[in-house]
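Please read the following note alongside the sequence and the three-dimensional view. It is written for a reader who is new to structural description.

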Amino acid sequence: MSTRTLVSTSALNRRRGRIVYRFTATTVIVGFTLIFLGPLYFLFTDGLKSTHESVQVPPTLYPHAIHPGTYADAWTVGGVGRLLFNTLYYAFGALAFQLVFDVAAAYALSKLRPVFGNAIFGLMLSTLMIPATVLVVPQYITVSDLPIVHMNLVGTPEAIWLPAVANGFSIFLLKRFFDSIPDDLLAAAAIDGAGRMRTLWSVVLPMSRPILGVVSIFAVTAVWKDYLWPLLVEAGYSPTRETLNVGITQAAATSPQNVVIAAAAIAAIPPLIFFLIFQRNIMSGLTTGSLKG
Amino acid sequence: MAEQVLSRPGRRDPGRARGGSGGRPAAGPDGGPNGRFLRTLRRHLAAHGFLIGAVLCFAMFSWYPMIREIIMSFQQTHRDKITRQPKTTWAGLQNYTRIIHDPTFAQAWKNTVEFSLLALLIGFAVPFVTAIILNELRHARGYLRILVYLPVMLPPASALLLFQYFYDPNYGLFDHLLRMLHLPTSQFVQSSSSALVSVTVASTWMNMGGTTLIYLAALQNIPGELYEAAELDGAGILGRIRHVTIPQTRLILSMMLMLQIVGTMQLFIEPFILTNGGAGPNNSTVSVVNLIYQYAFNLSGSSNYNSASALGVLLMLVLGVFSAGYLWLSRDRD
């Protein structure tokens with residue numbers, strides 16, 4: 001570390017500083033591992049216990065007899081495979097809709113500047129003041145009977161995909177990024193004969209990969225983590241259309257404890273792998289909106 | 001929560017984003033005023049073509065529900081005695097008076113505010129201290145950053161089902177650990193005195209990673225010379241935290257405070273899963289959003305969208321104030 005922080009390097013190099021530092025560092029590393037990795041250890045091992053062992057008093061700290069069959073039960077009987085497919089389908093569908101509609105809208109607002117563009121942008125940002133949870137009731141009623149066209153989207157994937165497009169934060173991030181692309185570049189493309197669509201596709205988008213990555217990660221994790229909305233619009237169909245969150249919670253009421261934990265563990269694997277692959281992007285995306293202005 | 005972290009919407013370049021043709025590079029020779037008009041018209045139409053998908057989605061799923069919630073909160077729906085058709089009439093403030101007289105109403109607000117305060121106490125101070133310590137470490141920083149963020153990535157149902165298992169007073173891990181340490185055991189989510197705290201602990205474990213990383217990034221932006229200067233002036237470690245770290249991160253701290261209030265007051269899934277439906281023993285964990293859900297989608301048949309909307313409007317007003325505070329704080333950044 002080159003930059004100076006709270007404690008100076010020279011203080012750390014003194015004998016007393018070294019001892020204090022070593023003690024603190026060890027405590028933090030051990031403590032954090034216990035607090036944050038400990039529960040994950042149980043998440044993955046408790047599913048390997050037999051039903052009897054999983055509710056034994058006192059609880060065992062590791063499975064005394066390993067039953068990988070619990071995971072298989074959760075996958076087939078609990079239908080976790082189906083739930084996983086549903087969740088991925090909703091998440092990537094929402095991502096596709098958001099990328100197409102929100103990128104087009106942000107491009108129009110930033111570079112094409114239509115009449116009322118500013119007012120529309122303001123209205124889009126105003127939705128950030130009202131968290132979606134507060135609007136679930138009217139949103140649900142609207143989705144069950146769309147105004148003018150009178151379609152009922154409840155139970156269809158569109159009930160998750162289309163509301164995902166109305167994301168003021170994505171529009172904001174995208175527009176801010178597009179604003180930073182010099183107009184001269186677009187003018188040059190226009191002189192070369194590129195239309196608006198072509199300019200977006202061949203000039204703007206290739207430059208926007210970082211922000212597209214951030215928006216994509218937000219879009220996928222939002223669906224992956226959502227609970228209330230999919231509970232309202234996708235629950236109660238056969239074969240199930242539920243998401244992992246909703247499905248495993250509902251199955252939990254009637255399943256043995258070890259199967260519940262195995263199902264929870266299976267549901268946790270894809271996002272954890274996703275995180276380990278994209279952790280750099282995810283963690284920098286997290287601060288993109290908050291710090292870098 | 002991170003999705004709401006933003007800075008200074010739409011102010012970057014006020015002159016430029018305005019509609020009209022002024023900002024565009026001259027289009028070369030044109031076919032007189034009529035041709036220019038047609039071209040401008042075509043340009044605006046094309047631009048709105050790009051906008052239409054998003055605007056329709058916002059209109060249907062955001063703007064319209066917002067207005068509709070307010071309207072519905074002043075209406076009443078009952079079935080006509082003869083035709084059995086649902087009929088909607090204006091109800092004035094009836095929905096509001098009805099929910100205010102519901103004993104669960106006060107309880108739900110009390111729980112929500114208590115949860116927010118507890119969550120802030122734990123979820124605001126702990127990540128800040130954690131971030132300060134992490135920022136001083138010369139080892140294992142990458143590992144620790146990944147560690148605190150792991151729970152954030154878990155599907156909330158996974159984390160909460162696991163905590164529900166840990167919290168079980170018979171075969172749960174937590175009571176076992178307490179027994180091993182010879183500490184008094186607890187009923188956790190099954191007793192009204194400890195349920196809300198148990199909900200808060202689970203929620204903090206799940207969510208603190210994001211906040212910690214944002215603080216960490218803010219700490220890394222503090223110029224090292226400030227610490228240098230403070231140290232030369234004789235400030236100890238606590239003095240440096242007080243006179244350098246906190247003032248330097250004050251803005252991000254207050255922004256996160258607003259965001260966390262908005263986030264925690266939307267408490268729903270934690271009580272809903274941990275206490276099987278969200279009420280908890282003696283309604284000790286029912287939150288405002290849980291109550292909205294109960295009003296609107298009560299399976300026992302007494303569902304009432306209008307009461308739910310009235311409660312939704314009240315929550316919208318409260319959260320709107322904090323969101324506005326957040327946006328106001330973030331206005332002079334960037």
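1. Basis of the note. This is a predicted model, in which local features need pLDDT of at least 70 and side-chain atom pairs count only at pLDDT 80 or more, while totals for chains, interfaces and linings use all residues. Residues are numbered from 1 along each chain as its sequence is written, and chains are lettered from A and ligands numbered from 1 in the order in which they are written.

2. Domains. The bounds given here come from an automatic or database domain assignment. In chain A, domain 1 covers 9–72 and domain 2 covers 79–254; their C-alpha centres are 38 Å apart. In chain B, domain 1 covers 33–67 and domain 2 covers 95–332, with 40 Å between the C-alpha centres.

3. Chain B as a whole. Chain B contains 12 helices and 2 strands. Helices (H or I, at least four residues) and strands (E, at least two) are DSSP runs, numbered from the N terminus. Read from the N terminus, the order of elements is α-β-β-α-α-α-α-α-α-α-α-α-α-α. Chain B has 334 residues, of which 43% count as buried. A residue is buried if 20 or more other C-beta atoms lie within 10 Å of its own, exposed if 12 or fewer, and partly exposed in between, the C-beta atoms being placed from the backbone. Among contacts in chain B between residues at least 6 apart in sequence, 64% join residues at least 24 apart. Two residues are in contact if their C-beta atoms, placed from the backbone, lie within 7 Å.

4. The contact between the chains. Chain B supplies 101 residues and chain A supplies 98. On the side of chain B, helix α1 (residues 32–73) gives the most, with 21 residues. That side of chain B divides into 62 nonpolar, 24 polar and 15 charged residues. Here Ala, Val, Leu, Ile, Met, Phe, Trp, Tyr, Cys and Pro count as nonpolar, Asp, Glu, Lys and Arg as charged, and the others, Gly among them, as polar.

5. A helix pair in chain A. Two packed helices are described by the angle between their axes and the distance between the axes. The axes of α5 (residues 80–112) and α9 (residues 168–179) of chain A come within 8 Å and cross at roughly 45°. Axes are lines fitted to C-alpha atoms, for helices over the stretch in contact, and angles run from 0 to 180 degrees between N-to-C directions. The helices α5(A) and α9(A) are therefore oblique to each other. Angles under 35 degrees count as roughly parallel, over 145 as roughly antiparallel, 65 to 115 as roughly perpendicular and the rest as oblique. Residues that meet include A:Val103 and A:Tyr107 of α5(A), and A:Ile171 and A:Phe178 of α9(A). The residues of this contact comprise 8 nonpolar, 3 polar and 4 charged.

6. A helix pair in chain B. The axes of α11 (residues 288–297) and α12 (residues 305–329) of chain B come within 7 Å and cross at roughly 160°. That makes α11(B) roughly antiparallel to α12(B). Among the residues that meet are B:Leu291 and B:Tyr295 in α11(B), and B:Leu311 and B:Leu315 in α12(B). This contact of α11(B) with α12(B) has 9 nonpolar, 2 polar and no charged residues.

7. Burial in chain A. Helix α8 (residues 158–165) of chain A has 7 of its 8 residues buried, so it is largely enclosed by the rest of the structure; A:Trp161 is one of the buried residues. A:Leu43 lies in helix α2 (residues 15–45) of chain A and is buried, with 22 other C-beta atoms within 10 Å. Leaving aside neighbours within four places in sequence, the contacts of A:Leu43 include A:Ile261, B:Ser158 and B:Leu162.

8. Backbone details to inspect. The peptide bond from A:Val57 to A:Pro58 is cis, with omega near -10°, and A:Pro58 is in the loop between α3 (51–54) and α4 (69–76) of chain A. Is B:His182 buried or exposed? With 6 C-beta neighbours inside 10 Å, B:His182 counts as exposed, and its phi is near 60°, a positive value in a residue other than glycine. B:Phe188 also has a positive phi, near 50°, but is buried, with 23 other C-beta atoms within 10 Å. B:His182 is in the loop between α6 (173–180) and α7 (195–220) of chain B, and B:Phe188 is found in the loop between α6 and α7 of chain B.
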